[in-house]
Amino acid sequence: MATYVSLVNKAISESGCDLALYQADGSDFDTNTEPMLNRFKTWVARSWQTVQQVAFDWEFLNNQGIVTINPGLMFYT
């Protein structure tokens with residue numbers, strides 16, 4: 001699955017903007033404060049939230065999970 005950094009880089013490259021892409025490991029993700037790059041980060045984050053809200057029937061969002069954490073606590077989600 002694509003990481004958030006790669007999604008932002010793909011959005012930048014698809015837009016045709018003359019912007020430098022982020023490093024694949026995300027090392028410069030917080031240090032590069034160019035306003036247009038920050039806008040791309042915001043747009044990708046909003047888009048991903050919208051996709052998750054629209055796709056409410058995705059299996060991984062609806063399944064029940066039971067997790068046992070020592071010492072003997074059980075959480076039902």
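Me: So helices (H or I, at least four residues) and strands (E, at least two) are DSSP runs, numbered from the N terminus. How many helices and strands does the chain have?
Reply: The chain has three helices and two strands. Going along the sequence, the pattern reads α-α-α-β-β.

Me: And what kind of model is this?
Reply: It's a predicted model: local features need pLDDT of at least 70, side-chain atom pairs count only at pLDDT 80 or more, and totals for chains, interfaces and linings use all residues. Residues are numbered from 1 along each chain as its sequence is written, and side-chain values use heavy atoms, leaving out hydrogens and water.

Me: OK, what's the mean pLDDT of the chain?
Reply: The mean is 78, and 79% of the residues reach 70 or more. pLDDT is the predictor's confidence in each residue, from 0 to 100.

Me: Which elements have the lowest and highest mean pLDDT?
Reply: Helix α3 (residues 59-62) has the lowest, at 62, while helix α1 (residues 4-15) has the highest, at 86.

Me: Changing topic: how much of the chain is buried?
Reply: Of the 77 residues, 17% are buried. Buried means under 20% relative accessible area, exposed means over 50%, and partly exposed is in between (1.4 Å probe, protein chains only).

Me: Which residues make up the largest nonpolar core?
Reply: There are nine: Val 5, Val 8, Ile 12, Leu 19, Tyr 22, Phe 29, Leu 37, Phe 40 and Val 44. The elements giving two or more residues to this core are α1 and α2. A nonpolar core here is a set of buried Ala, Val, Leu, Ile, Met, Phe, Trp, Tyr and Cys residues joined through side-chain atoms within 4.5 Å.

Me: What does Ile 12 touch?
Reply: Leaving out residues up to four places away in sequence, Ile 12 touches Cys 17, Leu 19, Leu 21, Tyr 22, Leu 37 and Phe 40. A contact means heavy atoms within 4.5 Å.

Me: How many aromatic pairs does the structure hold?
Reply: One. The ring centres of Phe 40 and Trp 43 are 5.2 Å apart and the planes sit at 70 degrees, so the pair is edge-to-face. As for the cut-offs, rings of Phe, Tyr and Trp (its six-membered ring) pair if their centres lie within 6.5 Å; planes under 30 degrees apart count as stacked, over 60 as edge-to-face and the rest as tilted.

Me: Where do Phe 40 and Trp 43 lie?
Reply: Both are in helix α2 (residues 35-54), three residues apart, which is about one turn of the helix.

Me: Is Phe 40 buried or exposed?
Reply: Phe 40 counts as buried because its relative accessibility is 5%. Trp 43, at 41% relative accessible area, is partly exposed.

Me: How many residues apart are Leu 7 and Phe 40 in sequence?
Reply: They're 33 residues apart in sequence, with 9.7 Å between their C-alpha atoms. Leu 7 and Ala 45 are 38 residues apart along the chain, and their C-alpha atoms are separated by 9.4 Å. For Leu 7 and Trp 48, it's 41 residues along the chain and 9.7 Å from C-alpha to C-alpha.

Me: Which helix holds Ala 45?
Reply: Ala 45 lies in helix α2 and is partly exposed, at 31% relative accessibility. Trp 48 is found in helix α2 and counts as partly exposed, at 34%.
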